[in-house]
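Dear colleague,

I am handing over the structure below, and would be grateful if you could look through it alongside these notes.

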Amino acid sequence: MATPKVRSAISASVSDLAPDLPRRSALHDGRPYRISLVTSSQLSAASEDVLYELFDANISPLSAGTSMAHTPGPKRIEMFDPQARYLLATSLPQSSSLDYGGDVTVTESDELALAMPGAMPAPAPRSGALGKGKRRAPPVEVTREELLGYCGFRFDTEQTAGTRDAEVVYCYELQIAPQARRMGLGKVLIDEMEVIGRRRGMDKAMLTCLKNNDPALSFYAKQGYTPDEIDPTRMEEEEEWEDVGSNPEEEDGSQRADYRILSKVLKAG
């Protein structure tokens, strides 16, 4: 159940969540780009297609035959849930003048495709009636050529080993286009998501990553992410130590989890 703090974050405007966005920066090779924050409902249908296609191209080779295998319909419902927020990195013309004020420092290289489907809450219907006298802003248009990468996230509560649920910013997707990999963009996007989470007082940032996605796991480790207390692999290993000699997989036919749940503490203390 969402707490008042999580509900407040969900209802916050993009300007409240990220008052320093949009802003301009540059990749390691000097190419200029813009980073901005949008809600899923601001995206045009064509932009949704562009984001889904990058996800599908990155994750399909990794997720085939796993518990994270996807089909377009359900995955698109998850990706464009009304509560989803997207940090978008889009290319700019080389002649664009850059304002570096307040930019995140880009220091780490990306590791191939950083793709990970997140937790899968029940989909919510898209809605959004406008108040009287208000006009809807034009939809955000993103082309395949412009899109360098994105981070999709939501605010939520997650179970813990204790009695209190954690208030979290949950990264559902971190997708980098082929032409922008190893340019520091993955770090910029996830850092920005963490800044937003801290600003809203979230306990931690969380994400889900397939076990066979070694480059992504390595990247997240460099960013300070570790197996969460509810990570199924961590829990399986602890159970094995408590019950040495047993083989639950053979006894009940269950399969070991093929993904990791990682987290990073955002709140001091």
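The structure holds zero disulfides, a disulfide being a pair of cysteine sulfur atoms within 2.5 Å. Cysteine 151 is accordingly in no disulfide, and the nearest cysteine sulfur, which belongs to cysteine 171, is 3.9 Å away. Cysteine 209 is likewise in no disulfide, its nearest cysteine sulfur being that of cysteine 171 at 9.9 Å. Cysteine 151 is buried, with a relative accessible area of 0%, and cysteine 209 is also buried, with a relative accessible area of 0%; here buried means under 20% relative accessible area, exposed means over 50%, and partly exposed covers what lies in between (1.4 Å probe, protein chains only).

Before going further, please note that this is a predicted model, in which local features need pLDDT of at least 70 and side-chain atom pairs count only at pLDDT 80 or more, whereas totals for chains, interfaces and linings use all residues. Residues are numbered from 1 along each chain as its sequence is written, and side-chain values use heavy atoms, with hydrogens and water left out.

As for the overall picture, the protein has eight helices and eight strands, taken as DSSP runs (helices H or I of at least four residues, strands E of at least two) and numbered from the N terminus. Of its 269 residues, 47% count as buried. The accessible surface of the protein comes to about 13,300 Å², of which carbon and sulfur atoms hold 53%; these areas come from the Shrake-Rupley method with a 1.4 Å probe, and for residues only the protein chains shown count as cover. Among the contacts (heavy atoms within 4.5 Å) with a separation of 6 or more, 82% are between residues 24 or more positions apart.

Proline 22 lies in the loop between helix 2 (14-17) and strand 1 (23-26), and at 55% relative accessibility it counts as exposed. Leaving aside residues up to four places away in sequence, proline 22 touches Arg34, Ile35 and Ser36, while its C-alpha atom is separated by 9.5 Å from that of leucine 87, 65 residues apart along the chain. Asparagine 58, in helix 3 (residues 45-63), counts as buried at 8% relative accessibility, and its side chain makes a polar contact with the side chain of glutamine 175 (3.0 Å). A polar contact is a pair of N or O atoms within 3.5 Å, where within protein one must be able to donate a hydrogen and the other to accept it, and residues adjacent in sequence count only if both atoms are side-chain atoms.

Turning to the rings, the structure holds seven aromatic pairs, for which rings of Phe, Tyr and Trp (its six-membered ring) must have centres within 6.5 Å, with planes under 30 degrees apart counted as stacked, over 60 as edge-to-face and the rest as tilted. One of them is the tilted pair of phenylalanine 80 and tyrosine 86, at 6.1 Å centre to centre and 35° between the planes; phenylalanine 80 is buried at 5% relative accessibility, and tyrosine 86 is buried at 2%. Phenylalanine 219 and tyrosine 220 have ring centres 5.3 Å apart and planes at 75°, so this pair is edge-to-face. Phe80, Tyr86 and Tyr150 form one aromatic cluster.
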